[in-house]
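Hi,

Here is the structure I said I would pass on.

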Amino acid sequence: MTDPDFDDVDLLKRISRGDHQAFRRFFLRHYRFCIQYAYRIVQDPAGAEDVVQDVFLSVWTGAARFQASRARAVTWLRTIVHHRAVDHIRRAAKEKSTGVGSLQDLAASATGVAASNPFQEVWTADAVLSALQAVNELPRRQHELIVLAYFRGYTQSQIAEATGIPLGTVKTRTIAALRSLRISLSHLNDREMR
């Protein structure tokens, strides 16, 4: 992909075929818009980052569902951001009412707020690609649980109910998936430490 003039429709077609470079270009082209729009809705930098991560996972896994005849790519993307941001607000309200903090809050307190600069954005794009690839490489049963838990906000009980898998099996598969992801993504921690 040396031609810089790919439009969004072309990029989404390529993404639907698993083209990582197309995804990277689409991500870099639209990241700033998505983060700004998500922040306007959720009013929280860490929450906006969480929303945008979920948005780009949806783009990666759902690019084939985009129909250029129904909407422009940016309109489709804006709709995804809006829905994910509203979902985030609902989850946050539920967590607040139950007294349970979100994983994003824990991560933000442990790592601090990410710097807003071009180098950080490129690193973030690479990290998102690596994370998506690692999740996609999980066995199907583990992949499904990770997507439901970390990208859809389901509890383990809700996952068991939604999938019909016994709760103990959900827990075991989730632990195995997290171990695999930790190994697959260990290079990100090494890179961040440099």
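Is Q43 buried or exposed? Q43 is exposed, with a relative accessible area of 52% (exposed means over 50%, buried under 20%, and partly exposed in between, with a 1.4 Å probe and protein chains only). This residue sits in the loop between helix 2 and helix 3, and although Q43 is not a glycine, its phi is positive, at about 60 degrees.

Some housekeeping before the rest. This is a predicted model, so local features need pLDDT of at least 70 and side-chain atom pairs count only at pLDDT 80 or more, while totals for chains, interfaces and linings use all residues. Residues are numbered from 1 along each chain as its sequence is written, and side-chain values use heavy atoms, with hydrogens and water left out.

The overall picture

The protein chain has 10 helices and zero strands (both are DSSP runs numbered from the N terminus: H or I with at least four residues for helices, E with at least two for strands). Of its 194 residues, 36% count as buried. If you take the contacts with a separation of 6 or more, residues 24 or more positions apart account for 62% of them (contact means heavy atoms within 4.5 Å).

The cores

The largest nonpolar core has 42 residues (such a core is a set of buried Ala, Val, Leu, Ile, Met, Phe, Trp, Tyr and Cys residues joined through side-chain atoms within 4.5 Å). The members that touch the most other members are L12, I15, F23, F26, F56 and V59. Two or more residues come from each of helix 1, helix 2, helix 3 (45-62), helix 4 (73-98), helix 6 (118-136), helix 7 (140-151) and helix 9 (167-184). Helix 2 gives the most, with 10 residues. There is also a second, separate core of seven residues, including A149, A160, I165 and V170.

Helix pairs

Two packed helices are described by the angle between their axes and the distance between the axes. Axes here are lines fitted to C-alpha atoms, for helices over the stretch in contact, and angles run from 0 to 180 degrees between N-to-C directions.

Start with helix 1 (residues 8-16) and helix 2 (residues 20-42), whose axes come within 8 Å and cross at roughly 135 degrees. That makes helix 1 oblique to helix 2 (under 35 degrees counts as roughly parallel, over 145 as roughly antiparallel, 65 to 115 as roughly perpendicular and the rest as oblique). The crossing of helix 1 and helix 2 is left-handed (the near helix is turned anticlockwise from the far one by less than a right angle; clockwise would be right-handed). On the helix 1 side the contact is made by D8, L11, L12, R14 and I15, and on the helix 2 side by A22, F23, R25, F26, R29 and H30. Those residues divide into six nonpolar, one polar and four charged (Ala, Val, Leu, Ile, Met, Phe, Trp, Tyr, Cys and Pro count as nonpolar, Asp, Glu, Lys and Arg as charged, and the others, Gly among them, as polar).

Next, helix 7 and helix 9 pack at an angle of about 90 degrees, with their axes 9 Å apart, and are therefore roughly perpendicular to each other.

Q156, S157, I159 and A160 of helix 8 make the contact with L167, V170, K171 and T174 of helix 9.

Two buried residues

D50 lies in helix 3 and, at 18% relative accessibility, counts as buried. Its C-alpha atom is separated by 8.2 Å from that of H88, 38 residues apart along the chain.

I80 lies in helix 4 and also counts as buried, at 11% relative accessibility. Leaving out residues up to four places away in sequence, I80 touches V55 and S58. The C-alpha atoms of I80 and F56, 24 residues apart along the chain, are separated by 9.1 Å.

Cheers
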